[in-house]
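This briefing looks at one protein model. Please have a look at the sequence and the structure before reading on.

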Amino acid sequence: MKSDLAKSYSSFVASLKERFGSQDAMRQAIGAEFDSFGVLERQVLIQYGLRPDHYVIDVGCGSGRLAKPLSQYLQGPYLGIDLVPELLDHARELVERPDWRFELAPGLTIPEKDGAADFVCFFSVFTHLLHEQSYSYLLEAKRVLKPSGKIIFTFLEFAMACHWDVFAANLEEAHREHPLNMFLSRDAVRTWADHLRLRVEAIDDCDNPSVPLSEPLRLDDGRVFHDRASLGQTICVLAMN
Ligand SMILES: C[S@@+](CC[C@H](N)C(=O)[O-])C[C@H]1O[C@@H](n2cnc3c(N)ncnc32)[C@H](O)[C@@H]1O
């Protein structure tokens, strides 16, 4: 399958750099809420069983939104892969973990041996891929997971009213340089899981404040969440067993 994904995301990052300067562009390139959502993503992993000694593979790791707060919890190994070298450089510098790997995504594959990882996560990544590309990545994620491992990915869906705004913004911003925003449905997710022989452990609504917090979380708009919060995208957890 031909793909111009790298070109599309790289030119998106380049346009952000022109508009906002290098530093801000690195934070904005991965979406909003760099500080708070990174913590939330970490908490999602912990909610579904992440332990400090585990191995996490973060596909589409971007500029280190998850890796930064994760580095305060995870002692075990980490591999972050992404299409955009500048985002990887930013993440590597931000995180300051010489033992962690930040590498260019080789395609729709994961540069790791079979059965190595405890978690493979795709936060806000399938939102930018064609369905066939997401499915190919899930095959890879299954290959690199331990038998006890889990895959966590987030997605946008028309069934959730809170995602309509993303679609509406796409319509308005159709003239701007913007990476693809792809929606997925739960029936597709369940069908994929059947074909992959993976178990759907959970699908959490985008607006359900189900993610347990270890400390109060302040959003950029000043709102503070104390016990639980939601990530804004629907969360899917697939298990090997
Ligand atoms: C919305 S950002 C999310 C970044 C990060 N997961 C987070 O939540 O902060 C999407 C990221 O996926 C990366 N990406 C897009 N397509 C990819 C692919 N095929 N393989 C690896 N990374 C990809 C982009 O470069 C970008 O950094």
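Is Ser71 buried or exposed? In this predicted model, Ser71 has a relative accessible area of 14%. Buried means under 20%, so Ser71 counts as buried.

**Around Ser71**
- Ser71 sits in the loop that runs between helix H4 (67–70) and strand E2.
- A polar atom of the Ser71 side chain lies 2.5 Å from the backbone oxygen of Lys68.
- Leaving aside residues up to four places away in sequence, Ser71 touches Val95, Arg97 and Trp100.

**The sheet**
- Strand E2 also belongs to an open sheet of seven strands, whose order is E3-E2-E1-E4-E5-E11-E6.
- The pairing in this sheet is mixed.
- The edges are formed by strand E3 (101–104) and strand E6 (199–204). Each of these has a single partner strand, so one side of each is left without a neighbour in the sheet.
- On average, neighbouring strands of the sheet are turned by 15° against each other, with direction ignored.

**Strands E1 and E4**
- Strand E1 (residues 56–59) and strand E4 (residues 117–122) run parallel and are joined by three bridges.
- Within this pairing, Asp58 stands opposite Cys121 in E4.

**The helix on the sheet**
- Helix H6 (residues 131–144) packs on the sheet.
- Helix H6 touches E1, strand E2 (78–82), E4, strand E5 (145–155) and strand E11 (234–239).
- The direction of helix H6 makes about 150° with that of E5.

Technical notes:
Residues are numbered from 1 along each chain as its sequence is written. This is a predicted model: local features need pLDDT of at least 70, side-chain atom pairs count only at pLDDT 80 or more; totals for chains, interfaces and linings use all residues. Side-chain values use heavy atoms; hydrogens and water are left out. Two strands pair if DSSP finds at least two bridges between them. Helices (H or I, at least four residues) and strands (E, at least two) are DSSP runs, numbered from the N terminus. Axes are lines fitted to C-alpha atoms, for helices over the stretch in contact, and angles run from 0 to 180 degrees between N-to-C directions. Contact means heavy atoms within 4.5 Å. Buried means under 20% relative accessible area, exposed over 50%, partly exposed in between (1.4 Å probe, protein chains only). A polar contact is a pair of N or O atoms within 3.5 Å; within protein, one must be able to donate a hydrogen and the other to accept it, and residues adjacent in sequence count only if both atoms are side-chain atoms.
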